Amino acid sequence: MDSLLARQLRKHLPSADPASPQWQGFLRAIENAYIELRQDRDFIEHTLETTSKELTEANEKLRSEAESKIASLSRYYQQTLELQQGMIQCVRLTPRGFEHTLCRGQLLQRLGLTADQVEGRRIEELAPPAHAARINSAYARAWAGEEFSTTYASTNGLELFVLLRPRRENGEVCEIIVSSVEITALKEAERSLIAAKEHAEAADRAKSEFLAVMSHEIRTPLNAVLGFSDLLLTTTSLNAQQITWLSSICTSSEALLALINDILDFSKIEAGRFDLHPEPVHLLPLLNEVTDMFAPKAAEKHLTFTLETTPDLPDTIVIDRLRLRQVLVNLIGNAVKFTTQGSVMVKVTLAPGIPASPTSGALAIAISDTGIGITESQRDRLFKPFSQVDSSTTRNYGGTGLGLAISDRIVRMLGGQINLESIPEKGSTFSFTVNGEFICAQPAPVRTLAADNAPVEPPVITPQTLRILIAEDHPINREFISLILESRGYQPDLAENGRLALEAALRQPYDLVLMDLQMPVMDGFQATREILSQQSGTRPPAIYALTANVYPEDRQRATEAGMLGFLAKPVNTQELFTVIDKITKLKQTG
Ligand code: ADP
């Protein structure tokens with residue numbers, strides 16, 4: 001080092017004397033500096049080496065820590081995925097088709113598969129063709145961006161609920177996440193519930209059938225009781241005592257019939273077998289008919305009884321006449337029943353707030369009375385079946401407590417709702433709306449004249465020329481109906497069963513056949529079909545069903561068999577003669 005320094009000094013300072021003390025001092029200083037520099041370098045090198053070693057170690061530690069963290073996280077996720085009850089699958093679209101990139105979950109095992117069997121495989125390699133096609137089309141739907149759920153029944157009998165969700169990267173679907181859970185037990189429970197419901201419905205149907213049969217059985221003797229009492233009252237001379245007793249028989253029978261009808265209606269509503277039969281109904285005549293029914297009772301109680309209508313009401317509304325009438329009868333009947341003094345008012349207007357067009361709208365009907373009223377606490381029970389607001393009501397006023405429950409349900413079916421405003425001791429207002437098609441008055445039809453313009457003289461139809469056949473197996477009913485007809489001069493023929501009715505109808509043409517539905521040997525449906533099909537050439541008779549079975553299915557079957565109408569038993573004399581008048585008019589017009 002000394003010689004190197006000396007050589008360098010001599011080269012750059014050729015005039016300087018290397019032996020001079022200055023030179024020597026200078027050399028020493030440089031040498032010292034050099035030694036210091038070397039020491040520094042050694043120190044730095046050492047420090048660098050140590051730091052680098054430490055850094056490498058720290059790095060290594062960090063890496064291994066990170067790796068172990070990643071491994072534990074991955075284990076955690078794997079376990080979580082594997083331990084989950086259901087199954088999670090990731091699916092990607094590859095040139096080979098939809099491929100499962102991941103598949104985990106307990107459900108795999110229950111499906112008889114392992115992750116290895118599914119991952120990297122297409123569904124075609126795992127499931128039978130029909131299943132694979134269905135699953136692939138679901139994958140295609142999700143790949144198109146749709147998130148949806150579906151159910152799937154596996155080949156080994158498991159039922160799954162499957163949710164498919166597309167996962168996007170940069171806005172593009174890159175994967176489908178399919179989550180499945182097993183719902184075999186739920187489905188089983190659902191099936192048992194449905195079975196239980198069907199069972200209950202069947203029981204309900206059986207109950208309704210039973211009620212129909214019972215009502216048939218009860219109505220038939222009642223028919224006789226009512227009819228013969230009526231005949232006795234109107235056709236024989238009785239003393240005052242007998243008239244009172246007979247009137248009492250009539251009133252009790254009518255009350256019994258009303259009760260049977262209520263129970264039958266309610267059980268039909270409950271069984272969901274209460275159908276509406278809309279028909280054009282002349283509004284004012286119906287309102288008058290119902291109010292006329294209660295006018296005598298109201299007069300007897302010295303009540304002011306009024307019907308108020310507005311001029312904008314339609315002439316005709318298409319609605320179930322019978323059911324609207326039933327609600328009116330119940331509400332007006334209650335108003336008269338529970339009012340001892342003051343008034344009962346029936347008000348019918350167009351429903352406010354519901355736009356009425358010439359073809360449709362809603363009627364608002366309110367029945368107000370100044371009767372006993374109903375307290376706030378009694379209201380809750382009001383529309384519940386068999387509930388009268390207090391037990392003394394039955395003692396004082398009678399009734400079944402079914403009327404309002406039935407009316408409420410009918411009004412709901414007619415598209416409205418019953419509201420009640422009432423002040424105890426002051427009176428009540430029951431109001432409701434019903435929807436319907438409106439029909440305005442039509443001009444009277446133009447009478448058609450014969451070709452030569454000469455008016456056709458209608459044939460004169462007398463009771464003797466109207467041929468009527470009664471097909472009824474029950475001797476009392478047969479006798480009763482024939483007595484009613486005979487009281488007006490008709491001479492009906494009688495048949496005990498469908499076969500005899502058919503034979504009679506083939507022997508001679510009838511204008512009207514009153515056909516019982518349930519008869520031995522041949523029932524009314526069969527007899528009707530045969531009469532109509534075998535009686536070619538002559539004008540077929542008008543056949544009307546005559547039965548105590550008033551179910552819609554019976555109506556349907558009767559219509560399908562070719563019957564023109566339906567007369568419910570016990571026979572209502574007025575209804576029977578309305579039918580006869582219709583047939584008479586038809587015969588008159590040819
Ligand atoms: P019911 O056949 O017993 O009259 P409803 O269902 O028609 O059966 O009526 C149930 C009860 O509601 C009645 O028993 C009576 O207590 C009460 N109610 C009904 N209408 C009125 C009314 N206009 N005024 C006072 N109470 C009434």
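Residues are numbered from 1 along each chain as its sequence is written, and side-chain values use heavy atoms, with hydrogens and water left out. Because the model is predicted, local features need pLDDT of at least 70 and side-chain atom pairs count only at pLDDT 80 or more, while totals for chains, interfaces and linings use all residues.

The protein has 17 helices and 17 strands, taken as DSSP runs numbered from the N terminus (helices H or I, at least four residues; strands E, at least two). Of its 590 residues, 37% are buried, that is, under 20% relative accessible area with a 1.4 Å probe and protein chains only. Among contacts (heavy atoms within 4.5 Å) between residues at least 6 apart in sequence, 63% join residues at least 24 apart.

A nonpolar core is here a set of buried Ala, Val, Leu, Ile, Met, Phe, Trp, Tyr and Cys residues joined through side-chain atoms within 4.5 Å. The largest such core has 42 residues, with Leu328 and Phe432 making the most contacts inside it, and helix α9 (residues 321-337) gives the most to this core, with seven residues. Leaving aside neighbours within four places in sequence, the contacts of Phe432 include Leu324, Val327, Leu328 and Leu331, as well as Leu363, Val411 and Ile418. Apart from this core lies another, of 24 residues, among them Ile123, Ala132, Tyr152 and Val162.

Strand β16 (residues 542-547) has six of its six residues buried, so it is largely enclosed by the rest of the structure. Both of its faces are covered, with Ala542, Tyr544 and Leu546 on one side and Ile543, Ala545 and Thr547 on the other. Strands are counted as paired if DSSP finds at least two bridges between them; β16 pairs with β15 (residues 512-516) in the parallel sense over five bridges, Leu512 having Ala542 as its bridge partner. Four bridges join β16 to β17 (residues 565-568), again in parallel, and Leu546 stands opposite Leu567.

The second largest pocket holds about 490 Å³ of space. Of the 28 residues that line this pocket, the closest to its centre are Met87, Ile123, Ile135, Tyr152 and Leu160. Helix α5 gives the most to the lining, with six residues, and the elements giving two or more also include β1 (87-94) and β4 (159-169).

Note on methods
On a 1 Å grid over the protein atoms alone, a cavity is a set of points where a 1.4 Å probe fits but cannot get out, and a pocket is an open set with protein on both sides within 12 Å along at least five of seven lines; lining residues have an atom within 4 Å of a point. Grid points are joined across faces, edges and corners, and a volume is the space filled by probe spheres set on the points. Buried means under 20% relative accessible area, exposed over 50%, partly exposed in between (1.4 Å probe, protein chains only).
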